[in-house]
Amino acid sequence: MTDLFRYPDGIVLNLAALGYAVSGWVGGIALIVAAGPIGSICGILLIAHALAISAYLIHECQHGTIFARTRDNDRLGAALAWMSGACIAPYAGLKEKHFRHHADRLDVVSFDYRAVLQAGPSWFRTAVLALEYAYIPAVEYLMRGLIIGHRWQLGGSSRVRIVTVLAIRLAAFTALGIAAPAALIAYAIAYAVFLHILRFQDAFQHTFDVYHAPDLAAAPAALVRDRAYEQANTYSDVVSADHPWMNALVLNFAYHNAHHAKPAEPWYRLAKLHRKLYAEDSTQVLPVRMLLASYHRHRVTRVMAAHYGSVAPEGDRAAGFLGAVGVSFLTAS
């Protein structure tokens, strides 16, 4: 076991997180299929949170913090991508895109969804904004649609992969619908909640420049930022600043400054690293309670905004922080 895992002190914690993600997902599906209304609500919340933990485990795999060998991290990351719906693009693409984010200190995105909305018919743009107003994460679904379109245009094996992935997932959802038609609606709600968990965290962790790179190529040297820029434009949107254990609800992904300072540090050490690096300095710390109003208030504005806004030094620090959309580490070309 110690030879298999990268860090001996993380064996139990990583197995516990993985066990929760898988069992929570399976258990949640069982609840929405067989339980009554209250059980279905519990199932929806359980699926959403289990998927979020699976996504943050993918992030750990991308940084190689779980297993000693890169191959094993990649295999687990790819398997979890099937669970979280991030399997449309190859896992290698997801990993490379995220590496570009760290290496170039930019928000690297494969597709410029804003350009798509601006170039498309007005009714389509209106529909997307209306869905976002209703708290339906339409941009995230659009990004996945753009991945499908891009992979299809590549032809050959990429087209075969898309057909295979869609066929398998369609078969799975058909089976779920046959077992309990209402479970399809419940799962759709759970997946939307899952996307909101991820996009809330993603929205307020950076005010980086955006770089569109469909081919995942490195940014030109003139665009690459330095470490000072990286830390000054990174924020730790912690679930709780006073109760560090609560940040385990998002696998400590909220300690984002510490993560960017030391990307290979495993999730369970990030709270300690954050205290070591920043002590009582809360300049880059934005607790969730401070961001909820901004997430709600700017939910439509941020979709087409040209920038992420800014963080005030004091007072209502998040009032002008619009946040990011479409920068998930689960989407790539």
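This is a predicted model: local features need pLDDT of at least 70, side-chain atom pairs count only at pLDDT 80 or more; totals for chains, interfaces and linings use all residues.

Q: Why is Arg144 called buried?
A: Buried means under 20% relative accessible area, exposed means over 50%, and partly exposed is in between (1.4 Å probe, protein chains only). Arg144 has a relative accessible area of 9%, so it is buried.

Q: Where does Arg144 lie, and what is it in contact with?
A: Arg144 lies in helix 7, residues 138–154. Helices (H or I, at least four residues) and strands (E, at least two) are DSSP runs, numbered from the N terminus. Contact means heavy atoms within 4.5 Å. Leaving aside neighbours within four places in sequence, Arg144 is in contact with Gly85, Ile88, Tyr191, Leu195, Leu330 and Thr331.

Q: Is Asp72 buried or exposed, and how do you know?
A: Asp72 has a relative accessible area of 10%, so it counts as buried. You'll find Asp72 in helix 3, residues 70–84. Not counting residues up to four places away in sequence, Asp72 touches Leu4 and Phe67.

Q: What makes helix 6 oblique to helix 7?
A: Start with how the angle is taken: axes are lines fitted to C-alpha atoms, for helices over the stretch in contact, and angles run from 0 to 180 degrees between N-to-C directions. The axes of helix 6 (residues 122–133) and helix 7 come within 8 Å and cross at roughly 130°. That angle makes the two helices oblique. The cut-offs are these: under 35 degrees counts as roughly parallel, over 145 as roughly antiparallel, 65 to 115 as roughly perpendicular, and the rest as oblique.

Q: Which residues meet where helix 6 and helix 7 pack?
A: From helix 6 come Phe124, Val128, Leu131 and Glu132, and they meet Ala138, Val139 and Leu142 in helix 7.

Q: Why is helix 8 called oblique to helix 9?
A: Helix 8 (residues 156–179) and helix 9 pack at an angle of about 125°, with their axes 5 Å apart. So helix 8 is oblique to helix 9. Phe173, Leu176, Gly177 and Ala179 in helix 8 meet Pro181, Ala183, Leu184 and Tyr187 in helix 9.

Q: What makes Phe200 and Tyr295 an edge-to-face pair?
A: The structure holds 14 aromatic pairs, and Phe200 with Tyr295 is one of them, at 5.0 Å centre to centre and 65° between the planes. Rings of Phe, Tyr and Trp (its six-membered ring) pair if their centres lie within 6.5 Å; planes under 30 degrees apart count as stacked, over 60 as edge-to-face and the rest as tilted.

Q: Why does the pair of Phe200 and Tyr295 tie together parts that are apart in sequence?
A: Phe200 lies in helix 9 (residues 181–203) and Tyr295 in helix 13 (residues 288–297), so the pair links parts that are 95 residues apart in sequence. Phe200 is buried at 9% relative accessible area, and Tyr295 is buried at 12%. Both also belong to one aromatic cluster with Phe204, Tyr235 and Phe321.

Q: How do you know that Arg159 lies over the face of Trp152?
A: The rule asks for NZ of Lys or CZ of Arg within 6 Å of the ring centre and within 35 degrees of the ring normal. Arg159 is at 4.2 Å from the ring centre of Trp152. The charged end of Arg225 also sits over a ring, that of Tyr229, 5.6 Å from its centre.

Q: How many disulfides are there, and what rule decides?
A: A disulfide is a pair of cysteine sulfur atoms within 2.5 Å, and by this rule the count is zero. Cys61 is in no disulfide: the nearest cysteine sulfur, that of Cys87, is 15 Å away. Cys61 counts as buried because its relative accessibility is 1%, whereas Cys42, at 43%, is partly exposed.

Conventions
Residues are numbered from 1 along each chain as its sequence is written. Side-chain values use heavy atoms; hydrogens and water are left out.
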